[in-house]
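Take a moment to look over the model before reading on, and keep the sequence beside it. The paragraphs that follow go from open spaces to helices and end with a residue in a loop.

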Amino acid sequence: MRIVKVKDYQEMSRKVANLISAQITLNPSSILGLATGSTPEGAYKILARRYKKGDLDFSEVVSFNLDEYVGLSGEHPQSYRYFMNKNLFDLVNIDLDYTYVPRGTASDPDEMCDDYEAELESYGYVDLQILGLGRNGHIGFNEPSDHFSEKTYCVDLTESTIEANARLFDSADEVPRQAYTMGIGTIMHAGIIVLAASGKEKAQALHDALEGPITPACPASILQMHEDVIVVADEDALSLCTL
Ligand code: GLP
């Protein structure tokens with residue numbers, strides 16, 4: 001596990017954007033695993049600028065997103081499909097047909113999850129996976145649990161996640177109670193994993209993930225078992241780590 005300690009959110013965003021840029025430059029038909037949330041937003045802005053300047057080409061890139069709220073369509077402003085279109089896909093020349101996000105409105109949840117996992121498998125899973133970190137140590141929407149999930153599935157969100165994500169909705173009541181997410185096993189198939197974290201509110205989760213025991217009570221702690229993880233985190237997020 002390599003730890004890249006940066007000063008702040010801006011520097012974290014530049015480093016994450018650099019890693020994604022390098023991946024696409026070295027392999028234009030890369031399979032990217034993408035995340036939503038405040039953490040990668042700055043990096044996506046930088047990528048869009050680089051594309052506009054002619055420095056990056058997304059035409060052959062394929063992407064798979066980590067997760068989506070159950071029940072939200074891609075037109076819903078809080079859906080992760082909407083987030084990705086607005087913050088990245090609509091700003092670059094990626095082929096939308098090759099941007100995969102779990103379908104929140106699928107009529108058959110089990111079939112949707114199986115299809116998503118099968119699609120990932122058909123590509124040999126992702127080359128580079130970007131991960132944010134939940135305040136409770138979740139990755140994707142893999143909440144603390146008594147076991148590590150394997151494949152894409154439908155999960156019940158915890159109260160703390162609903163509260164943390166309520167800031168983006170009009171009220172906590174509007175936050176969906178369930179989500180589709182790649183499983184921990186799915187995520188661990190990635191060739192390289194970039195875990196990004198910024199801010200004091202991530203410090204405990206990042207400490208537990210990097211320096212605590214490997215336990216499903218802190219889903220991100222499984223990353224200690226992956227052979228190619230790059231942690232890009234700022235001083236605040238790393239403030240509880242002894243490293
Ligand atoms: C959300 C998402 C995660 C994300 C995390 C942190 O619940 N499902 O994929 O990494 O919470 O979000 P943020 O980056 O906004 O802090």
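A pocket, on a 1 Å grid over the protein atoms alone, is an open set of points with protein on both sides within 12 Å along at least five of seven lines, whereas a cavity is a set of points where a 1.4 Å probe fits but cannot get out; lining residues have an atom within 4 Å of a point. Grid points are joined across faces, edges and corners, and a volume is the space filled by probe spheres set on the points. The model is predicted, and local features need pLDDT of at least 70, side-chain atom pairs count only at pLDDT 80 or more, while totals for chains, interfaces and linings use all residues. Residues are numbered from 1 along each chain as its sequence is written, and side-chain values use heavy atoms, with hydrogens and water left out.

The largest pocket holds about 750 Å³ of space. Its lining has 39 residues, and T36, G37, S38, N165 and R167 are the closest to its centre. If Ala, Val, Leu, Ile, Met, Phe, Trp, Tyr, Cys and Pro are counted as nonpolar, Asp, Glu, Lys and Arg as charged, and the others, Gly among them, as polar, this lining divides into 16 nonpolar, 16 polar and 7 charged residues. Helices (H or I, at least four residues) and strands (E, at least two) are DSSP runs, numbered from the N terminus, and helix 3 gives the most to the lining of the largest pocket, with 5 residues.

The second largest pocket has a volume of about 150 Å³, and among its 13 lining residues R81, V101, P102, R103 and G104 lie nearest its centre. The structure also holds 1 cavity of 30 Å³ or more, and the largest cavity has a volume of about 40 Å³. The lining of this cavity includes L120, Y125 and H189, and by class it has 6 nonpolar, 3 polar and no charged residues.

Helix 4 (residues 109-122) can be read in a similar way. In helix 4, M112, C113, Y116, E117 and L120 are buried, and they cover an arc of only 125° around the axis, which puts them on the same side of helix 4. The exposed residues D110, D114 and S122 are carried by the face turned away from that buried side.

Helix 3 (80-87) is largely enclosed by the rest of the structure, because 6 of its 8 residues are buried. Those residues are Y80, R81, F83, M84, N85 and N87, and the elements they pack against include strand 2, helix 2 and helix 5. In the loop between strand 4 and helix 3 lies S79, which counts as buried at 1% relative accessibility. Leaving aside its neighbours within four places in sequence, S79 is in contact (heavy atoms within 4.5 Å) with E68, L72, S73 and G74.

Key:
Buried means under 20% relative accessible area, exposed over 50%, partly exposed in between (1.4 Å probe, protein chains only). The arc is that of the directions from the helix axis to the C-beta atoms.
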